[in-house]
Structure formats: structure tokens, C-alpha cells
Amino acid sequence: MTDPRLLAIDAATETVHLALLCGGALRVRALPAGAQASATLLPAVQGLLAEAGCTLAQLDAIGFGRGPGAFTGLRTACAVAQGLALGSGRPLLALDTLAAVAESAHQRCGVDQVWAATDARMGEVYAACWQRLGPGHWQLRQSAALYSPASLAAAVARHPVAVAGNALALPALQEALGSVDAALVQIADAAPDGAALAALAQAAWQRGETLDPALALPLYVRDKVAQTTAERLAARPAAQPSTTAP
């Protein structure tokens with residue numbers, strides 16, 4: 001069987017990750033997310049393809065990180081992948097962002113069971129628990145959900161396996177996990193990076209998990225993207241009484 005030619009994009013976190021498998025070689029890119037991502041993503045894709053001497057029409061499929069993650073990033077990755085797939089007549093591969101974090105943790109530390117956890121902002125965390133079945137193939141033990149640091153620590157206590165992802169940079173999560181197990185394996189640099197995306201995309205392609213581009217949708221775990229003014233005010237520390245004489 002010839003190696004598949006696959007492009008994969010994930011923009012669910014603070015970094016946009018790209019992967020291109022072509023001719024048995026892997027090429028990756030990492031770009032800043034945010035407002036500039038929409039302007040830099042397509043040129044980066046074109047640069048990867050040109051470097052590999054590959055065209056969109058020669059790809060077997062295009063993968064996108066469906067989330068969970070930043071709303072704007074999820075929509076960007078999905079829309080760009082859809083546009084590229086429709087324009088080239090290629091199918092899509094919907095890749096789970098948290099599974100990519102789990103794959104990254106495996107590639108770094110060899111773990112086969114892991115809580116993948118990414119920063120969801122607003123003091124919360126996206127997380128799911130995964131079991132590795134084979135190269136690039138992960139099975140859910142606990143579906144993706146939105147957690148507070150305390151509730152994720154409680155879930156980890158019930159299923160005490162490694163924890164991976166950028167949510168580990170949150171002091172509140174570190175404090176909560178500290179009460180679970182001081183020896184808990186933590187892999188803070190695990191991310192949905194190019195190498196992890198490529199592994200997931202190749203495994204999904206081999207399992208025949210292609211998707212009609214018209215059916216592609218992001219995975220939204222949170223249905224609220226911002227706090228109201230009242231909520232933001234309520235979350236602020238109480239104002240200290242003035243000690244200045246009138």
C-alpha cells in the first residue's frame with residue numbers, strides 16, 4: 001500500500017498547527033493563532049505544498065481539528081479545510097483536537113492512557129480521557145467536557161492516569177491536581193502539533209473515516225463564549241475600602 005498524501009490543520013489552541021504527509025515525508029508548520037491566523041494560514045498551506053512538490057489535487061484527504069477549542073479557531077480550521085476540499089474534490093478527515101493532544105503525549109512520554117486537557121479560558125478546561133489502541137488510534141474512556149479545575153481533578157482522581165496539555169499551565173489546575181497524587185505524570189508541552197495530527201490523520205485514513213466536506217462541523221463543547229458585564233464585575237475582587245480621609 002502506498003503512503004497516503006494527507007494535509008491536516010488544527011487551530012483550536014493558541015497555535016495553528018499544520019501537517020503534510022507526502023511521499024513518505026512529514027512536513028509541519030506552527031503559526032500564531034488569533035486575528036492573524038486567517039491571513040497566514042492559506043499561504044502557509046501553499047508553502048508546505050510547494051516545498052513537498054505536491055498539489056491539492058494530489059492529496060488523498062484533508063484533515064481538520066474539529067475541537068473542542070477556541071470558537072474562532074475551530075471555525076477557521078473547518079472553513080479552510082472545507083474550502084480546500086471542495087475546490088480540489090478531496091474528502092475530509094475530522095480529527096479530535098484532544099485526541100491529538102493525547103497522541104502528542106504518547107510521542108513525548110510513551111503514555112497510553114491520558115487525560116488530554118486544554119485551556120478553555122474563563123477559568124475552565126476542555127478535557128477527555130483517552131486509551132491508545134494503536135498508532136494514531138485512540139478510544140475515548142471519558143467524553144470531552146468542560147471542567148472547572150476542581151471538577152477535572154476529581155475526575156482524574158477517579159481515573160488516575162497521566163494528564164497532558166496546556167491546561168496544566170493554569171495555577172488553579174496545578175493546585176487541584178496536587179491533592180490527587182503527587183506522582184501524577186504531567187505532560188504540559190503536549191499539543192495538537194503537526195506530528196500528532198499526521199498520526200491521527202493517517203490512522204483515520206486507513207480506517208476509511210473520510211467525510212463529505214459539506215458535512216464538516218466543529219465540535220463545540222461550550223455554548224457560551226463570553227461572560228456578561230455583570231458576570232465579569234462579580235468575578236472581580238471586592239474593592240478595598242478607602243482609608244483616605246474625606
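This is a predicted model: local features need pLDDT of at least 70, side-chain atom pairs count only at pLDDT 80 or more; totals for chains, interfaces and linings use all residues.

Biologist: How many bridges join β2 to β3, and do they run parallel or antiparallel?

Modeller: Eight bridges, and the strands run antiparallel. β2 covers residues 15-22 and β3 covers residues 25-32. As one example of the pairing, T15 has P32 in β3 as its bridge partner.

Biologist: Which other residues have a positive phi without being glycine?

Modeller: R121 is one, with phi near 65 degrees. M122 is another, at about 55 degrees.

Biologist: Where do R121 and M122 sit?

Modeller: R121 lies in strand β6. M122 is in the loop between β6 and β7.

Biologist: Buried or exposed, for R121 and M122?

Modeller: R121 is exposed, at 52% relative accessibility. The cut-off for exposed is over 50%. M122 is partly exposed, with a relative accessible area of 34%.

Biologist: OK, the sheet with β6. What's the strand order?

Modeller: β8-β7-β6-β9-β10, five strands in an open sheet with mixed pairing.

Biologist: Which strands stand at the edges?

Modeller: β8 and β10, the latter being residues 186-187. Each has a single partner strand, so one side of each has no neighbour in the sheet.

Biologist: And how does β7 pair with β8, parallel or antiparallel?

Modeller: Antiparallel, over eight bridges. β7 is residues 124-134. Within that pairing, C129 stands opposite Q142 in β8.

Biologist: Switching to aromatics. How many pairs are there?

Modeller: Two aromatic pairs. In one, the ring centres of F71 and Y220 are 4.8 Å apart and the planes are at 20 degrees, so the pair is stacked.

Biologist: Which parts of the chain does that pair link?

Modeller: Distant ones. F71 is in helix α2, residues 71-88, while Y220 is in the loop between α6 and α7, 149 residues apart. Y220 is partly exposed, at 37% relative accessibility.

Biologist: What about W115 and Y147?

Modeller: Their ring centres are 6.1 Å apart and their planes are at 90 degrees, so that pair is edge-to-face. W115 lies in β6, residues 113-121, and Y147 in β8, residues 137-147, so the pair ties together parts 32 residues apart in sequence.

Biologist: Back up the chain. Why call β5 largely enclosed?

Modeller: Four of its five residues are buried, so the rest of the structure largely encloses β5, residues 92-96. β5 pairs with β4, residues 61-67, in the parallel sense over five bridges. I62 has L92 in β5 as its bridge partner.

Biologist: And T97, where is that?

Modeller: In helix α3, residues 97-109. T97 is buried, with a relative accessible area of 0%. Beyond residues up to four places away in sequence, T97 touches D10, A12, G65, R66, G67, P68 and P192.

Biologist: P68 is on that list. Is the peptide bond from G67 to P68 cis or trans?

Modeller: Cis, with omega near 5 degrees. P68 sits in the loop between β4 and α2.

Biologist: Last topic: helix packing. At what angle do the axes of α4 and α5 cross?

Modeller: Roughly 35 degrees, and the axes come within 8 Å. α4 is residues 149-158 and α5 is residues 171-178. The crossing is right-handed.

Biologist: Which residues meet there?

Modeller: P149, A150, L152, A153 and V156 from α4 meet A172, L173, A176 and L177 from α5. That contact divides into nine nonpolar residues, no polar and no charged.

Note on methods: Residues are numbered from 1 along each chain as its sequence is written. Side-chain values use heavy atoms; hydrogens and water are left out. Axes are lines fitted to C-alpha atoms, for helices over the stretch in contact, and angles run from 0 to 180 degrees between N-to-C directions. Helices (H or I, at least four residues) and strands (E, at least two) are DSSP runs, numbered from the N terminus. A crossing is left-handed if the near helix is turned anticlockwise from the far one by less than a right angle, and right-handed if clockwise. Contact means heavy atoms within 4.5 Å. Ala, Val, Leu, Ile, Met, Phe, Trp, Tyr, Cys and Pro count as nonpolar, Asp, Glu, Lys and Arg as charged, and the others, Gly among them, as polar. Rings of Phe, Tyr and Trp (its six-membered ring) pair if their centres lie within 6.5 Å; planes under 30 degrees apart count as stacked, over 60 as edge-to-face and the rest as tilted. Buried means under 20% relative accessible area, exposed over 50%, partly exposed in between (1.4 Å probe, protein chains only). Two strands pair if DSSP finds at least two bridges between them.
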